[in-house]
Amino acid sequence: YMTGIRPYERYLWSPERKDYEDEGVPEDINCVFCAQIEDDKRVTKMTLFEDEFLMVELNIFPYNTGHLLVVPKRHVNSLENLRDEERNRLFAMVQKVEKLQREVRDPAGIDMGMNIGEAAGESIPHLHVQMVPIYEKDRGFMETSLGTKVMKESLEETQEKYLEETDILEDYWR
């Protein structure tokens with residue numbers, strides 16, 4: 001609690017998120033990514049690319065506009081559990097997704113990371129690479145003064161922009 005700032009001034013309200021969290025993931029779904037891979041209609045999936053080894057999708061709760069995930073299809077929780085070909089394909093795709101983000105989003109930088117284990121911030125226990133574009137104008141009034149992130153376009157708009165350039169992701173493994 002900071003003097004002079006009321007706690008509620010630090011948030012943008014999103015009642016729809018509460019509905020999602022209240023409903024949550026159905027109890028019989030052990031892994032959201034595995035449910036997406038199986039095309040379970042009870043989970044949201046905003047895919048840009050998918051083949052037999054991996055998928056690239058929008059994060060539906062993005063840290064920033066254009067936040068993408070690269071997810072191996074086989075359920076593993078750690079890099080050490082990937083087979084050599086899976087690891088090589090995963091990082092070949094990460095390289096292509098970086099190119100896609102630079103082409104479509106033109107970010108000042110890209111924050112890439114993996115959270116392995118709950119203590120490291122893992123929210124879905126299925127290995128995935130997060131790729132978050134960082135923009136020069138991310139330091140506006142809301143972000144610097146109020147500690148609040150403002151998303152500049154809808155997920156659907158973001159997906160549409162990426163889908164126009166997904167040919168960049170084709171042939172990632174050659």
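Student: What volume does the largest cavity have?

Tutor: Rolling a probe the size of a water molecule over the atoms shows where empty space is left. On a 1 Å grid over the protein atoms alone, a cavity is a set of points where a 1.4 Å probe fits but cannot get out, and its lining residues have an atom within 4 Å of a point. Grid points are joined across faces, edges and corners, and a volume is the space filled by probe spheres set on the points. Here the largest cavity has a volume of about 30 Å³, and the structure holds one cavity of 30 Å³ or more.

Student: Which residues line the largest cavity?

Tutor: The lining consists of Tyr63, Asn115, Gly121, Glu122, Ser123, His128 and Gln130. These divide into one nonpolar, five polar and one charged residue, where Ala, Val, Leu, Ile, Met, Phe, Trp, Tyr, Cys and Pro count as nonpolar, Asp, Glu, Lys and Arg as charged, and the others, Gly among them, as polar.

Student: What should I know about the model itself before reading on?

Tutor: This is a predicted model, in which local features need pLDDT of at least 70 and side-chain atom pairs count only at pLDDT 80 or more, while totals for chains, interfaces and linings use all residues. Residues are numbered from 1 along each chain as its sequence is written, and side-chain values use heavy atoms, with hydrogens and water left out.

Student: How many helices and strands does the chain have?

Tutor: Helices (H or I, at least four residues) and strands (E, at least two) are DSSP runs, numbered from the N terminus. By that reading the chain has five helices and five strands, and along the sequence they follow the pattern α-α-β-β-β-α-β-β-α-α.

Student: How does the length of helix 3 agree with its number of residues?

Tutor: The expected span of a helix is 1.5 Å times one less than its number of residues. Helix 3 has 22 residues and should therefore span 32 Å, which agrees with the 31 Å between its end C-alpha atoms.

Student: Which residues of helix 5 are buried?

Tutor: Buried means under 20% relative accessible area, exposed over 50%, and partly exposed in between (1.4 Å probe, protein chains only). In helix 5, which covers residues 155–163, the buried residues are Thr158, Gln159 and Tyr162. Seen down the axis of helix 5, these buried residues fall within an arc of 100° (taken from the directions from the helix axis to the C-beta atoms), so they line one face of the helix. On the other side of helix 5, Glu156 and Glu160 are exposed.

Student: What do the buried residues of helix 5 pack against?

Tutor: Contact means heavy atoms within 4.5 Å. The partners of the buried residues of helix 5 are strand 1 (47–50), strand 2 (54–58), strand 3 (68–72), helix 3 (84–105) and strand 5 (129–134).

Student: Where is Asp106 found, and what is its phi?

Tutor: Most residues other than glycine have a negative phi, and most peptide bonds are trans. Asp106 is found in the loop between helix 3 and strand 4, and its phi is positive, near 50°. Asp106 is also exposed, with a relative accessible area of 62%. Asp171, in the segment after helix 5, has a positive phi near 55° and counts as partly exposed at 46% relative accessibility.

Conventions. 1 Å grid on protein atoms, 1.4 Å probe; cavity = no way out; pocket = protein on both sides within 12 Å on 5 of 7 lines; lining within 4 Å.
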